[in-house]
Amino acid sequence: TCLRLMHVPGTSAEQLGTLQAFQLQLTERLRSAQQVQQREQFYLACAMGTRRWLFELGHTDQILAGEIPTPVPFTRPWFLGLVNHRGQLINVIDLDGFAGAAPRPWQREDRLLVLSSDLPLRCALRVTYSASVIDRTHLRPATPSATEADHRPSWLLHRFIAADGTDYLSVDLVALMALPAFLDIAQPDIH
């Protein structure tokens, strides 16, 4: 009689390879989860005009210098225009202006905070000066006054005080981008 050796799929060598691939994928997922957890622990703090703002680090991409937005006619004063970044047109917003501050012309030292492409809209925010990363544990919630609590927009989550006494407003970018007023960049008709 003749014995035939036959290759059976799923032998231990193949299973070992599959197990190693699974372990690598699991390790990568755990690392990714830890990075997300770390990003959620930190805010990016930026000064924009008259206020200081906090953004979840995971909602930010990068800060660009030397990019000047191209103005778009017939838009609201807080819509500063568009920039071409890596082949994509990005809306540039003056968040301080959207929140009610008087319009300011673009300054040479202004920067752009490009927001994450994971957010609903591709845009950048004008940063007038100083950007840093702040650990949430170094912030304490500020007690809002009764009028402040009643008049706070839905996209402003909290007001915080840093250890050095600096006042910050934390922004819910997803809620902000869902607002009809934020999406309506067209200047109202002037009669």
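Predicted model: local features only at pLDDT ≥ 70, side-chain atom pairs only at ≥ 80, totals over all residues.

User: Which residues have the most contacts inside the largest nonpolar core?

Analyst: They are Met 48, Trp 53, Phe 55, Leu 95, Leu 113, Leu 125 and Val 171, in a core of 24 residues. A nonpolar core here is a set of buried Ala, Val, Leu, Ile, Met, Phe, Trp, Tyr and Cys residues joined through side-chain atoms within 4.5 Å. Buried means under 20% relative accessible area, exposed over 50%, and partly exposed in between, with a 1.4 Å probe and protein chains only.

User: And what does Val 171 touch?

Analyst: Setting aside residues up to four places away in sequence, Val 171 touches Trp 53, Leu 54, Phe 55, Leu 95, Trp 155, Leu 156, Leu 157 and Leu 176. Contact means heavy atoms within 4.5 Å.

User: Turning to the sheet, in what order do the 6 strands lie?

Analyst: The order is β8-β1-β2-β11-β10-β9, in an open sheet with mixed pairing. The edge strands, β8 (129-135) and β9 (139-141), each pair on one side only. Helices (H or I, at least four residues) and strands (E, at least two) are DSSP runs, numbered from the N terminus. Two strands pair if DSSP finds at least two bridges between them.

User: How many bridges join β1 to β2?

Analyst: These antiparallel strands are joined by 6 bridges. Ala 47, for example, has Arg 52 in β2 as its bridge partner.

User: What about β4 and β5: how do they pair?

Analyst: They are antiparallel, with 6 bridges, and Leu 82 stands opposite Asn 91 in β5. The hairpin has 2 residues between the strands, and Arg 86 there takes a positive phi near 55°.

User: Is Arg 86 buried or exposed? And His 85?

Analyst: Arg 86 is exposed, at 68% relative accessible area, whereas His 85 is buried, at 9%. His 85 lies in strand β4 and, leaving aside neighbours within four places in sequence, is in contact with Gln 62, Leu 64 and Ile 90. Strand β4 is largely enclosed by the rest of the structure, because 5 of its 7 residues are buried.

User: Changing topic, how many salt bridges are there?

Analyst: The structure holds 7, a salt bridge being a side-chain nitrogen of Lys or Arg within 4 Å of a carboxyl oxygen of Asp or Glu. One of them joins Arg 51 to Asp 96, with the closest N and O atoms 2.7 Å apart. This pair links distant parts of the chain, with Arg 51 in strand β2 and Asp 96 in helix α2, 45 residues apart.

User: Which residues form a network of salt bridges?

Analyst: Asp 94, Arg 104, Asp 110 and Arg 126 are linked in that way. Asp 110 meets Arg 126 at 2.8 Å, N to O. Asp 110 lies in the loop between α2 and β6 and Arg 126 in strand β7, so the pair ties together parts that are 16 residues apart in sequence. Asp 110 is buried at 2%, as is Arg 126 at 1%.

Definitions and conventions: Residues numbered from 1 in each chain as written. Heavy atoms only, no water.
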